[in-house]
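Have the viewer open as you read.

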Number of protein chains: 2
Amino acid sequence: MDVAQETAQAQIITAVPARASRRTAERREELLQAALKVIRTVGAGASMEQMAAEAGITKPVLYRYFGDREGLIGAVAGRFAEALAERLALAVASLVEASPEQAIRAGIEAYISFIEEDPELYGFLSQHAAPDSAALVSIVDRVAKALAGLIAGRMIEAELDPRPATTFAHGIVGMVHMAGARWARQPELPREEFISYLVALASYGLANGGRPLQPEE
Amino acid sequence: MDVAQETAQAQIITAVPARASRRTAERREELLQAALKVIRTVGAGASMEQMAAEAGITKPVLYRYFGDREGLIGAVAGRFAEALAERLALAVASLVEASPEQAIRAGIEAYISFIEEDPELYGFLSQHAAPDSAALVSIVDRVAKALAGLIAGRMIEAELDPRPATTFAHGIVGMVHMAGARWARQPELPREEFISYLVALASYGLANGGRPLQPEE
DNA sequence: AGGTAATATTACCCAAAGTAACAGAAATTG
DNA sequence: CAATTTCTGTTACTTTGGGTAATATTACCT
């Protein structure tokens, strides 16, 4: 297309000042990065004005790109959820041949590590994470969906009915999320110990205290 | 002043309906009830002004009694947590002799019923329920603490190490909370089915797809 | 009755979300 | 190249809601 060519040319010209004209998506990405930076710095209280300032612009621009605060948070959450889901899938998928417990451990380990790497961002998202808010819905749904797929796969493989997979997935995400939040708040247990308890609970449930049935005795 | 006189008279009249002078704790209770009423009516967006208006007073009074918004929310959350913990303890305690699975089912059933009875309030609390917010900390800690006690008791009885009890308790609360929120949002499953999946997960874990090891086969 | 402690009100501040109106650069077109 | 439209940005405002200072009123106590 002609238009495409001319556009490309124009972009080469103004490409030097780097901050001038670009495609919308790229600009949006820049603004998102700036917002992330602010959130990581000042924490969950980050205001629209601060995020705009970090990007070197003013509020109305931000609002043009993201609609409203919910939109921005949603974009941040989406980004976060994407990365987390990917990492989870990777961690678990690399263990297709492993036992369920090993896969569960890998997933929980990945989840906890991930939020440890970005505590401010995680705190920000949790804070704006009402059950009815777009932010948490998107992040949990995203992660849980990925997880549900993994679980359903294994269940089918084991010739079990996969219908509970979605409920299981949300339950497990909530379990790790809540216990993780409490552990981050009051780390009374060493990390390894905490994680093994979580793995035990997720793998074998409460009924026998987190152990497979018929223990060594 | 005419107005003053009329006002005074009106107050003498309205003194009878119990809304005049009382001890601080009782007054606080009244204000709390008014706040609850507003929350249940208008939902999670309830403002301090609305709650004050419902109680027939103005904002500063509310602030005197509760310090700030967090304080009010904390009081509401505390009230809620108290009732919920009590109900859980009751439901589970009545089944001391029952199997773990039956006790777990009773607890989950009680939890879900409880939040179903007061969805607006639950939504309000969840909304203001950042991991670092006083509200959720108080409510989760309260409920989880009660649960941890129950779990620890059973584990000791079964001669298992009770150290994981606290982690288990937070995990289970998070599991039921998150899965419940999703189910309330999108009730694709019949209630009974949803609950039995939760019970399965909480009781026997993911490793064998929510079933005790060595099933009927 | 007169003084003091509660109890409540009015009228304000402040921060932050969100928006209307306007300004300058850049691409588009005759 | 000049005129126009479009894109990107700004200033300055409105609104809402949490929080508070100064002040008035009521109740209590001796």
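## The surface near DNA strand D

The surface near DNA strand D is made up of six nonpolar, five polar and five charged residues. In this sorting, Ala, Val, Leu, Ile, Met, Phe, Trp, Tyr, Cys and Pro are nonpolar, Asp, Glu, Lys and Arg are charged, and the others, Gly among them, are polar. Please keep in mind that this is a predicted model, in which local features need pLDDT of at least 70, side-chain atom pairs count only at pLDDT 80 or more, and totals for chains, interfaces and linings use all residues. Residues are numbered from 1 along each chain as its sequence is written, chains are lettered from A and ligands numbered from 1 in the order in which they are written, and side-chain values use heavy atoms, with hydrogens and water left out.

Which residues come nearest to DNA strand D? Of the 16 around it, they are A:Thr58, A:Arg64, B:Lys59, B:Tyr63 and B:Arg69; a residue is near a strand if one of its heavy atoms lies within 4 Å of it. Of the atoms of DNA strand D that come within 4 Å of the protein, 44% belong to sugar and phosphate. Both chains take part through a helix: α4 (59–66) of chain A and α4 (59–66) of chain B each supply at least two residues of this surface. Helices here are DSSP runs (H or I, at least four residues), numbered from the N terminus.

| Residue | Atom of the residue | Distance to a phosphate oxygen of DNA strand D |
|---|---|---|
| A:Arg27 | polar side-chain atom | 2.9 Å |
| B:Tyr63 | polar side-chain atom | 3.5 Å |
| B:Arg69 | backbone N or O atom | 2.8 Å |

## Where chains A and B meet

Between the two chains, 49 residues of chain A are in contact (heavy atoms within 4.5 Å) with 50 residues of chain B. Together they bury about 4,300 Å², 71% of it on carbon and sulfur atoms; this is the accessible area (1.4 Å probe) lost on putting the two parts together, summed over both. A:Phe168, A:Met178 and A:Leu206 supply 15% of the area that chain A buries against chain B, more than any other three residues.

The interface also has four salt bridges, each a side-chain nitrogen of Lys or Arg within 4 Å of a carboxyl oxygen of Asp or Glu. A salt bridge joins A:Arg185 to B:Asp141 (3.1 Å, N to O).

Notes:
A polar contact is a pair of N or O atoms within 3.5 Å; within protein, one must be able to donate a hydrogen and the other to accept it, and residues adjacent in sequence count only if both atoms are side-chain atoms.
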